[in-house]
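Here's a quick tour for anyone meeting this structure without any background. Take a look at the picture, then read on.

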Amino acid sequence: MSFNTFLIYLAVTAGTTYLVRVVPMLLVKKEIENKFILSFLYYMPYAVLSVMTIPAIFTATNYIASAVVGFGVAVFLALKNKSLTTVAIAACLGVLATELVITYLF
């Protein structure tokens, strides 16, 4: 790819990102009072993060069983209101233990 093509792609990407952020601010001048829209906007980051993270969880390991164990450990500890660091470390250890068991027993 030439440098000029790269600059064009960069300008289009920057313009698109800028428009996505600025157009809603220009169109909505007053405070949003609709409860449905407010709840939609409140939960949108969680939904996007889930959609981006969960497929990566199940494709990041060598075996689907280890991914399921890690995901299960993470969900269990998250529901017990453990810290993010604790959840992440325990999920990684669950995946590691499962991978070691699968690798050395089968």
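Is asparagine 81 buried or exposed? Asparagine 81 is exposed, because its relative accessible area is 70%, where exposed means over 50%, buried means under 20% and partly exposed falls in between (1.4 Å probe, protein chains only).

## Before we start

This is a predicted model, so to speak of local features takes a pLDDT of at least 70, side-chain atom pairs count only at pLDDT 80 or more, and totals for chains, interfaces and linings use all residues. Residues are numbered from 1 along each chain as its sequence is written, and side-chain values use heavy atoms, with hydrogens and water left out.

Helices here are DSSP runs of H or I with at least four residues, numbered from the N terminus. The phi of asparagine 81 is near 60 degrees, a positive value in a residue other than glycine. Most residues other than glycine have a negative phi.

How far apart are the end C-alpha atoms of H3? They are 22 Å apart, which agrees with the 22 Å that its 16 residues should span at 1.5 Å a residue; the expected span is 1.5 Å times one less than the number of residues.

In H3, the buried residues include Ser66, Ala67, Gly70, Ala74 and Leu77. They cover an arc of only 105 degrees around the axis, so they sit on the same side of H3. That arc is taken from the directions running from the helix axis to the C-beta atoms. On the other side of H3, Ile64, Phe76 and Leu79 are exposed. As background, an α-helix has 3.6 residues a turn, so residues three or four places apart point the same way.

Valine 68 also has its place in helix H3. Valine 68 counts as partly exposed because its relative accessible area is 46%. Its C-alpha atom is 9.5 Å from that of glycine 94, which is 26 residues away along the chain.

## The largest pocket

How much space lies in the largest pocket? About 500 Å³. A pocket is found on a 1 Å grid over the protein atoms alone, as an open set of points where a 1.4 Å probe fits, with protein on both sides within 12 Å along at least five of seven lines; lining residues have an atom within 4 Å of a point. Of the 19 residues lining the largest pocket, Thr53, Ile54, Ile57, Phe71 and Ala74 are the closest to its centre.

Helix H2 (35–59), H3 and H4 each give at least two residues to that lining. By class, the lining has 15 nonpolar, four polar and no charged residues. Here Ala, Val, Leu, Ile, Met, Phe, Trp, Tyr, Cys and Pro count as nonpolar, Asp, Glu, Lys and Arg as charged, and the others, Gly among them, as polar.

Isoleucine 89 is in helix H4, and it's partly exposed, with a relative accessible area of 48%.

Over in helix H1 (residues 3–27) you'll find tyrosine 18, which is exposed at a relative accessible area of 55%. Threonine 5 lies in helix H1 too, and is partly exposed at 28%.

Notes:
Grid points are joined across faces, edges and corners, and a volume is the space filled by probe spheres set on the points.
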